[in-house]
Amino acid sequence: MKYTRYDFDKMISSNESKYIFQYVQNRKLTNIYHSHSFYEVCIILSGSATELFNGQKRLLKEGTVVILKPEDLHCFVDQSENLRLVCLSVKTEEALRLIDVFEVKLLPKEVIFDVGTSVAK
């Protein structure tokens, strides 16, 4: 399957920034299958969305936290009208530095948490 790759440095006007914060409400999420050159953490604040993630469909609902790594492929195939989410994109070099500083073990291929139970699925 073909996909697009979004590059962090092409998404911002300054090469100084290591973070991009997005608040999404009343906007259709992309249905273009894509990967990133960066890490991304998204939290579903309300509503739900169906995401195609590395070839598998998964439901993201209120309270879900998703961590995407640069090699992950994804797009959104459906979403509720009341979907609201926040996403923090972190430049790969910065994410790896933070992982090293906090001695975080490398994340498994798929990471999704339900904030209500704080249990990895």
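Why are glutamate 94 and arginine 97 separated by about one helical turn? The views below take this up along with other parts of the chain.

**View 1. The whole chain.** This is a predicted model, in which local features need pLDDT of at least 70, side-chain atom pairs count only at pLDDT 80 or more, and totals for chains, interfaces and linings use all residues. Residues are numbered from 1 along each chain as its sequence is written, and side-chain values use heavy atoms, with hydrogens and water left out. Read from the N terminus, the elements follow the order β-α-β-β-β-β-β-β-β-β-α-β-β. Of the 121 residues, 42% are buried. Here buried stands for under 20% relative accessible area, exposed for over 50% and partly exposed for in between, with a 1.4 Å probe and protein chains only.

View 2. Glutamate 94 and arginine 97 are three residues apart in helix α2, so about one helical turn separates them. Their side chains meet in a salt bridge, 3.0 Å from N to O; the term asks for a side-chain nitrogen of Lys or Arg within 4 Å of a carboxyl oxygen of Asp or Glu. Glutamate 94 counts as buried at 7% relative accessibility, while arginine 97 is partly exposed at 44%. Helix α2, residues 92–101, is also the place of glutamate 93, which is exposed with a relative accessible area of 56%. Glutamate 93 and lysine 18 lie 75 residues apart in sequence, yet their C-alpha atoms are 8.5 Å apart.

**View 3. Two further salt bridges.** The count of salt bridges comes to three. Aspartate 9 pairs with lysine 91, with 2.9 Å between the closest N and O atoms. That pair links distant parts of the chain, 82 residues apart: aspartate 9 sits in helix α1 (residues 8–11) and lysine 91 in strand β9. Aspartate 9 is partly exposed at 32%, whereas lysine 91 counts as buried at 18%. Arginine 58 and glutamate 51 form another salt bridge, at 2.7 Å from N to O, and both of these residues are buried.

**View 4. The largest pocket.** About 320 Å³ of space lies in this pocket. Of its 21 lining residues, Gln22, Arg27, Glu40, His74 and Phe76 are the closest to the centre. A pocket is an open set of points on a 1 Å grid over the protein atoms alone, where a 1.4 Å probe fits, with protein on both sides within 12 Å along at least five of seven lines; lining residues have an atom within 4 Å of a point. The volume is the space filled by probe spheres set on the points, which are joined across faces, edges and corners. Strand β4 gives the most to the lining, with four residues.

**View 5. A nonpolar surface patch.** Tyr19, Phe21, Tyr23, Val41, Ile43 and Leu88 make a nonpolar patch of about 530 Å². Such a patch joins nonpolar side chains (Val, Leu, Ile, Met, Phe, Trp, Tyr) within 5 Å, from residues with over 30% relative accessible area and no salt bridge. Areas come from the Shrake-Rupley method with a 1.4 Å probe. Strand β2 supplies the largest share, three residues. Valine 41, found in strand β4, is partly exposed at 31%.

Technical notes: Helices (H or I, at least four residues) and strands (E, at least two) are DSSP runs, numbered from the N terminus. Patches are made of residues with over 30% relative accessible area and no salt bridge: like charges are joined within 9 Å, nonpolar side chains (Val, Leu, Ile, Met, Phe, Trp, Tyr) within 5 Å.
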